[in-house]
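Please keep the structure in view while reading.

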Amino acid sequence: MATETPVDDDVDRGPFERWVRRVIRNPERAYRAMFYTAMIVFLFTTLFPFYWLLVLALTPFNRLANVGLFPNGFNPEAFVRIFEILPFHIYMLNSFILAAMTTVFVLVIASLAGYVFGRLQFPGRGPLMLAVLAISYFPPAAFLLPLFRLFNGNVTIGLFGASISSPNLFNTPWAMVLPFSALFMPLSIFILTTFYGQIPDGLEDAARIEGTTRLGALFRVIVPLSAPGVATAGVLTFIMVYNEFFFSFLMNDGQIPEMLYESGKLLYLSNENHWAPLLKGILGFQGQYTQLYNLMAAASIVGVLPVAVLVVVAQEKIVSGLTQGALKE
């Protein structure tokens, strides 16, 4: 008597084999599984460092050796101590000023370059744009030695029988703003070139007929119509400069001006050329023999909060700017 061959659905399968079979029948299950897997990995790799900083910041200093996944005690005093030991708000203010100066400088130059690359036709436009973008792939260490010598006044140029030395910019904002601008400007040029190239020529021609110049048409017509792209370039530049490590660490001595106030009036300012940014403030809690990890963690959290708020507020502009720039109308 012939035995009946069992159907595949009746075969006893393991959970993984049953899931694979359901995925074959419904491929959307695989897409959802990949999405959730990628989301979990992304959240773990991005949010866990902040959680670990919070654990260190809330753990008392004498219990840091035995800290685990949860705070070994609860001591939020570190968030107050960082302002008592050091004027940490001055370091944060310096980073804000440096980021704002760089953002304004980058947007002005990138707007002019974006107009040229996006709306004008000239020989060699493609290779020149590629060369501009290639600068962003250079490691910052490649520029350190020449820039360090240049900004310390150690470069001398002979001109018409006279020697001209480079200015001493070390410890000044320009020793950081200029390298920041060179590193982060190519991305802004690329974003603005894409947006400016999408503006219809008729709008600019109408402005030119009314008597405005090319420069006037750029800032009166093209820039306002490209507001999402300008906002995206500005926010990304500000965030990258605020978080920059390499030149922020090497182009200053880590000091800030000492200020003496009396009755709300500034009586004494030690040296206005000390522009140490946020990074130096965080490292200021690291001594030769003692590392106050709880204070460094608290300072890192406080320092990153303004940028986190900026990202949350401007996320729609960033997303719309990047997506609109990818569409050719």
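This is a predicted model: local features need pLDDT of at least 70, side-chain atom pairs count only at pLDDT 80 or more; totals for chains, interfaces and linings use all residues.

Q: Which residues of H8 and H9 meet?
A: From H8, the residues are Leu203, Glu204, Ala207 and Arg208, and they meet Arg214, Ala217, Val221, Ile222 and Leu225 in H9. By class, this contact of H8 with H9 has six nonpolar, no polar and three charged residues.

Q: What makes H9 and H10 roughly perpendicular to each other?
A: The axes of H9 and H10 cross at roughly 80° and come within 5 Å. Angles of 65 to 115 degrees count as roughly perpendicular, and H9 and H10 are therefore described in this way. In their contact, Val223, Pro224 and Leu225 of H9 meet Ala227, Pro228 and Val230 of H10. The classes in the contact of H9 with H10 are six nonpolar, no polar and no charged residues.

Q: Why is H7 called roughly antiparallel to H10?
A: The axes of helix H7 (residues 174-196) and H10 cross at roughly 165° and come within 9 Å. Angles over 145 degrees count as roughly antiparallel, so H7 is roughly antiparallel to H10. The crossing of H7 and H10 is right-handed.

Q: Which residues of H7 meet H10?
A: Among them are Phe180, Phe184, Leu187 and Ser188 in H7, and the residues met in H10 include Pro228, Gly229, Val230 and Thr232. The contact of H7 with H10 has 13 nonpolar, four polar and no charged residues.

Q: How many residues line the largest pocket, and which lie nearest its centre?
A: The lining has 18 residues, and Tyr242, Asn243, Leu278, Leu279 and Ile282 lie nearest the centre of the largest pocket. About 240 Å³ of space lies in the largest pocket. By class, the lining divides into twelve nonpolar, five polar and one charged.

Q: Which helices each supply at least two residues of the lining of the largest pocket?
A: They are helix H4 (88-119), helix H10 (227-242), helix H12 (278-283) and helix H13 (293-324).

Terms used. Residues are numbered from 1 along each chain as its sequence is written. Side-chain values use heavy atoms; hydrogens and water are left out. On a 1 Å grid over the protein atoms alone, a cavity is a set of points where a 1.4 Å probe fits but cannot get out, and a pocket is an open set with protein on both sides within 12 Å along at least five of seven lines; lining residues have an atom within 4 Å of a point. Grid points are joined across faces, edges and corners, and a volume is the space filled by probe spheres set on the points. Helices (H or I, at least four residues) and strands (E, at least two) are DSSP runs, numbered from the N terminus. Ala, Val, Leu, Ile, Met, Phe, Trp, Tyr, Cys and Pro count as nonpolar, Asp, Glu, Lys and Arg as charged, and the others, Gly among them, as polar. Axes are lines fitted to C-alpha atoms, for helices over the stretch in contact, and angles run from 0 to 180 degrees between N-to-C directions. Angles under 35 degrees count as roughly parallel, over 145 as roughly antiparallel, 65 to 115 as roughly perpendicular and the rest as oblique. A crossing is left-handed if the near helix is turned anticlockwise from the far one by less than a right angle, and right-handed if clockwise. Contact means heavy atoms within 4.5 Å.
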